[in-house]
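These are my notebook entries on a structure that I had not examined before. I set down what I looked up, entry by entry.

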Amino acid sequence: MNEFPDYLDVDYTDGEGETPDDYPTLEDKIEKAIAVTRAGLEQYENPAVMWTGGKDSTLTLYFIKEVAEQFGLETPPAVFIDHYQHFDAIHDFVAHWAEEWDLDVIYAKNEDVGAYIEEHGLEPGDDIPIADLSEHNQHHVRNILEYEEDTFPFLLDTYVGNHLLKTVALNDALEEYDIDGVISGVRWDEQEARADETFFSPRHDPDIYPPHDRIQPILQFAEPDVWDAFWNYVVPDTVADFPDDGYVPQGADDLPNGLTQDDIPVSPKYFAGFRSLGSEVSTEKSDEEPAWLQDMANTTERAGRAQDKEDLMERLRDLGYM
């Protein structure tokens, strides 16, 4: 079998053994992000960018837009995984900025599970019988996950729920749209399971997922760097009336020049005190202050997230989770 994809010339070792400290300034981090993004847009025939509406994927999308414009490249579609438990504000944010930035958005969802949820009026936590799912989903549950129970709860932050509602939805979209490069906003410092990632990461086993590569331009950003990039680059570059001097608002009522939250490409959940965006039933705000003003040095970024999924992250990533 030919190495997949045989038309690529990327360095899969780029980033091995590195940490954010190897890119000491924000400018160093941005320079690397631009280089990785450009290679991703030039090397892959059908790339797509993962977009959750969160800060990391929105920052990645900003680099894609800037690089595509600067080098005359095509902006790829964004893939939004609809897992049926999003905050309404996230859906609204994605729809609004997709229109503002003229983006094509692929809504990836496990429609078989979704149809069962709708038909039976399920609420998060209700049980879903595995026997009532499609052969495709039953194969994943029984043969891939080796899960033996008769039901699983309609929750994201569990082994089966996360896999069916997010990973299977993603992999099905990759196959349907023949996507060969997934550009994602994962970071080394975000989770232990991501600390060893490289800027170009192969996912070539056809028994697990449609063969593709992960392109990861912001691995080198730590959480404070992401917010520095937003207030110094992303927001000033994309909002006409926002100051160019790195103005950092203290909240939604501290935006300059009559601007509102709707004018700023930062999810309103961050203004409300959330530091990580998961599902409406498993994520809580970390503080009353906006995310970028919280004590990032002494607190955990994903403290508001349910921990069952965090403990399973390594296994989930082996199956194709981001």
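**Entry 1**

Helices (H or I, at least four residues) and strands (E, at least two) are DSSP runs, numbered from the N terminus.

I noted the basis of the entries as well: this is a predicted model, in which local features need pLDDT of at least 70 and side-chain atom pairs count only at pLDDT 80 or more, while totals for chains, interfaces and linings use all residues. Residues are numbered from 1 along each chain as its sequence is written, and side-chain values use heavy atoms, with hydrogens and water left out.

Strand β1 covers residues 47-50, and two bridges join it to β2 (residues 78-81), the two running parallel. I count two strands as paired if DSSP finds at least two bridges between them. β1 also pairs with β6 (residues 181-183), in the parallel sense and over three bridges. There P47 stands opposite G181.

I next looked at the side chains of β1. P47 and V49 point one way, A48 and M50 the other way, and all are buried. Buried means under 20% relative accessible area, exposed over 50%, and partly exposed in between (1.4 Å probe, protein chains only). In a regular strand the side chains alternate between the two faces of the sheet.

**Entry 1. The whole sheet**

In which order do the six strands of the open sheet stand? I read the order as β3-β2-β1-β6-β8-β7, with mixed pairing. β3 (105-108) and β7 (200-203) stand at the edges with a single partner strand each, so one side of each is left without a neighbour in the sheet. Neighbouring strands are turned by 30° against each other on average, direction ignored. For such angles, axes are lines fitted to C-alpha atoms, for helices over the stretch in contact, and angles run from 0 to 180 degrees between N-to-C directions.

I then checked the remaining pairs. β2 and β3 are parallel, with four bridges, and V79 stands opposite I106 in β3. β6 and β8 run parallel with three bridges; G181 has D213 in β8 as its bridge partner. β7 and β8 run antiparallel, joined by four bridges, and R203 has H212 in β8 as its bridge partner. In β8, H212 and R214 point one way, D213 and I215 the other way, and all are buried.

**Entry 2. Helix α1**

I found that α1 (residues 26-43) lies across β1, β6, β7 and β8 (212-215), running at about 40° to β7. α1 also packs with α7 (residues 223-238) at an angle of about 85°, the axes being 11 Å apart. That makes α1 roughly perpendicular to α7, a term for angles of 65 to 115 degrees; under 35 is roughly parallel, over 145 roughly antiparallel, and the rest oblique.

Which residues of α1 and α7 meet? L26, E27, K29 and I30 in α1 meet D225, D228, A229 and Y233 in α7. Contact means heavy atoms within 4.5 Å. The residues of this contact divide into four nonpolar, no polar and four charged. Here Ala, Val, Leu, Ile, Met, Phe, Trp, Tyr, Cys and Pro count as nonpolar, Asp, Glu, Lys and Arg as charged, and the others, Gly among them, as polar.

I looked up T52 in the loop between β1 and α2. Is T52 buried or partly exposed? T52 is partly exposed, with a relative accessible area of 47%. Leaving aside neighbours within four places in sequence, T52 is in contact with S57, F80, I90 and V94. The C-alpha atoms of T52 and H91 are 39 residues apart along the chain and separated by 9.2 Å.

W97 lies in helix α3 (residues 88-100) and is buried, with a relative accessible area of 5%. Beyond its neighbours within four places in sequence, W97 is in contact with W51, L103, D262, D263, I264 and P265.

N137 belongs to helix α5 (residues 135-144) and counts as buried at 1% relative accessibility. Not counting residues up to four places away in sequence, N137 touches N110, D112, V113, L164 and V168.
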